[in-house]
Amino acid sequence: MPAQAANSAERLDIITKSITRAVKRFDGSGHAVTLVAVSKTFPAEAIVPLLDAGHRVFGENRVQEAKAKWPGLKAHYPDFELHLIGPLQTNKVREAVALFDVIESVDREKLAAALQKEMQQTERFLPCFVQVNIGQEDQKAGIAPDQTVEFVEKCRKTYGLEIVGLMCIPPADQPPGPYFAQLAELARQAGVSGLSMGMSGDFETAIAMGATHVRVGSALFGVRD
Ligand SMILES: *Cc1c(COP(=O)(O)O)cnc(C)c1O
């Protein structure tokens, strides 16, 4: 298990190799899978070793927390790519568009409208994923599966957003495979190619179902408090 590695740079190496193996098993072609290193709850000092190891794609789930950490890192590592993977309130859209490079959690029309307005004003047009509540769980954010295709269309046509894919967090207490397969099918129907699915415990399964982005936190940084 990656957790046995001594430090996060070693764990990065192990996980990168696992991803490569999983991609080869999946289709032999070695299609690109982006590792989004989820650094939420970990301080800047914990992120630096991964930046020094050459990793550049990171995920955070809270705007305020990301704002406290990442601008300081920018001076030394200007070329990182930061993904917002948590719920976004419309009153934080301004800060989010300024700080992040990809928004993975577009889940309602009001947010799509606010993002459009802010991106037009700042001329900072960020690629977005639509978050799908794939297990239809009350406590989770995301658009309902049966509304996803229509919502993607609306985000593109009505709000002019660049929707590059779908994102989901499957139910914690069930095998994730069928949910990943369902997200892949919805992406096909919606005509988007990006699939952000799979976390520390199930990223290999997600890759077997066609993930293009895996979001890995604890397997890289350690257990969160
Ligand atoms: C925390 C989080 C992750 C990473 O979870 P791990 O199990 O620590 O890998 C991935 N995606 C989202 C949306 C998260 O909030």
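Contact here means heavy atoms within 4.5 Å. By that criterion, the buried residues of helix α6 are covered by elements that include β4 (102-106), α5, β5 (127-132), β6 (162-168) and α7 (177-190). The model is predicted. It holds three aromatic pairs and 12 salt bridges.

**Helix α6**

- Thr148, Phe151, Val152 and Cys155 are buried in α6.
- These residues cover an arc of only 100° around the axis, so they sit on the same side of α6.
- Glu150 and Lys157 are exposed on the other side of α6.
- Glu153 and Lys157 form a salt bridge, with their closest N and O atoms 2.7 Å apart.
- Because Glu153 and Lys157 are four residues apart in α6, about one helical turn separates them.
- Glu153 is partly exposed, at 42% relative accessible area.
- Lys157 has a relative accessible area of 65%, so this residue counts as exposed.

**Salt bridges between helices**

- Side chains of opposite charge can pair when their charged atoms come close.
- Lys154 and Glu109 meet through their side chains in a salt bridge (3.5 Å, N to O).
- Lys154 is in helix α6 (residues 148-157) and Glu109 is in helix α5, so this pair ties together parts that are 45 residues apart in sequence.
- Both ends fall in the middle class: Lys154 is partly exposed at 30% relative accessibility, and Glu109 is partly exposed with a relative accessible area of 34%.
- A salt bridge also joins the side chains of Glu118 and Arg94 (3.1 Å, N to O).
- Glu118 belongs to helix α5 (residues 109-122) and Arg94 to helix α4 (residues 93-99), so the bridge ties together parts 24 residues apart in sequence.
- Is Glu118 buried or exposed? With a relative accessible area of 7%, Glu118 is buried, because buried means under 20%.
- Arg94 is exposed, with a relative accessible area of 55%.

**A salt-bridge network**

- Glu60, Glu65 and Lys69 are linked in a network of salt bridges.

**The Phe42 and Phe221 pair**

- A pair of aromatic rings is described by the distance of the centres and the angle of the planes.
- How are the rings of Phe42 and Phe221 arranged, and what are the values? Their centres are 5.4 Å apart and their planes lie at 25°, so the pair is stacked.
- Phe42 lies in the loop between β1 (34-38) and α2 (44-52), while Phe221 lies in helix α9 (residues 218-221), so the pair ties together parts that are 179 residues apart in sequence.
- Phe42 and Phe221 are both buried.

- Phe58 is in strand β2 (residues 57-60) and Trp70 is in helix α3 (residues 63-74), so the pair ties together parts 12 residues apart in sequence.
- Phe58 and Trp70 are both buried.
- Lys74 lies over the face of Phe80, at 4.8 Å from the ring centre.

Notes: Residues are numbered from 1 along each chain as its sequence is written. This is a predicted model: local features need pLDDT of at least 70, side-chain atom pairs count only at pLDDT 80 or more; totals for chains, interfaces and linings use all residues. Side-chain values use heavy atoms; hydrogens and water are left out. Rings of Phe, Tyr and Trp (its six-membered ring) pair if their centres lie within 6.5 Å; planes under 30 degrees apart count as stacked, over 60 as edge-to-face and the rest as tilted. Helices (H or I, at least four residues) and strands (E, at least two) are DSSP runs, numbered from the N terminus. Buried means under 20% relative accessible area, exposed over 50%, partly exposed in between (1.4 Å probe, protein chains only). A charge sits over a ring if NZ of Lys or CZ of Arg is within 6 Å of the ring centre and within 35 degrees of the ring normal. A salt bridge is a side-chain nitrogen of Lys or Arg within 4 Å of a carboxyl oxygen of Asp or Glu. The arc is that of the directions from the helix axis to the C-beta atoms.
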